[in-house]
Amino acid sequence: MALPTLSPEQRQEALAKAAVVRKERAEVKAALKSGETSLETVLSSESQAVRRMPVASLLASLPGIGKIRAQKLMNDLDIAGNRRISGLGPQQRDRLIEKVSA
């Protein structure tokens with residue numbers, strides 16, 4: 001399936017929208033890293049930008065957890081490596097919060 005051709009205006013709008021999403025995600029990660037917000041707060045966020053963030057990326061931004069530990073944690077909890085926050089079930093969220101806070 002071929003990608004649709006975008007006009008220069010549509011392309012600029014899409015680039016601007018993507019920049020806003022990246023900035024919001026970076027702010028959430030920075031807030032997690034500094035301790036300004038909790039994992040539970042982020043997981044319950046209604047923001048589409050946050051809900052579409054990969055779980056591995058979110059976990060790697062927590063203090064004391066890097067990419068390797070995030071992958072191990074996801075494997076231990078049977079969460080797929082490509083799972084996004086919005087794709088987590090209630091039990092997965094609860095187990096994730098419990099495991100990280102321990």
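Which glycine follows α1, and is its phi positive or negative? Glycine 35 comes after α1, and its phi is positive, near 85°.

This is a predicted model, where local features need pLDDT of at least 70, side-chain atom pairs count only at pLDDT 80 or more, and totals for chains, interfaces and linings use all residues. Residues are numbered from 1 along each chain as its sequence is written, and side-chain values use heavy atoms, leaving out hydrogens and water.

**View 1. Helix α1, residues 8–34.** Helices here are DSSP runs (H or I, at least four residues), numbered from the N terminus. With 27 residues, α1 reaches 39 Å from its first C-alpha to its last, close to the 39 Å expected at 1.5 Å a residue (that is, 1.5 Å times one less than its number of residues). Val28, Ala31 and Leu32 are buried in α1 (under 20% relative accessible area, 1.4 Å probe, protein chains only; exposed means over 50%). Their cover includes α2 (39–43), α3 (48–51) and α4 (55–60).

**View 2. Serine 45, in the loop between α2 and α3.** Serine 45 has a relative accessible area of 19%, so it counts as buried. Leaving aside residues up to four places away in sequence, it touches Val50 and Arg51 (contact means heavy atoms within 4.5 Å).

**View 3. The two faces of α5, residues 67–76.** Look for Ala70, Leu73 and Met74, the buried residues of this helix. They sit on the same side of α5, because they cover an arc of only 100° around the axis (taken from the directions from the helix axis to the C-beta atoms). These buried residues pack against α4 and α6 (90–101). The face turned away from them carries exposed Ile68, Arg69, Lys72 and Asn75.
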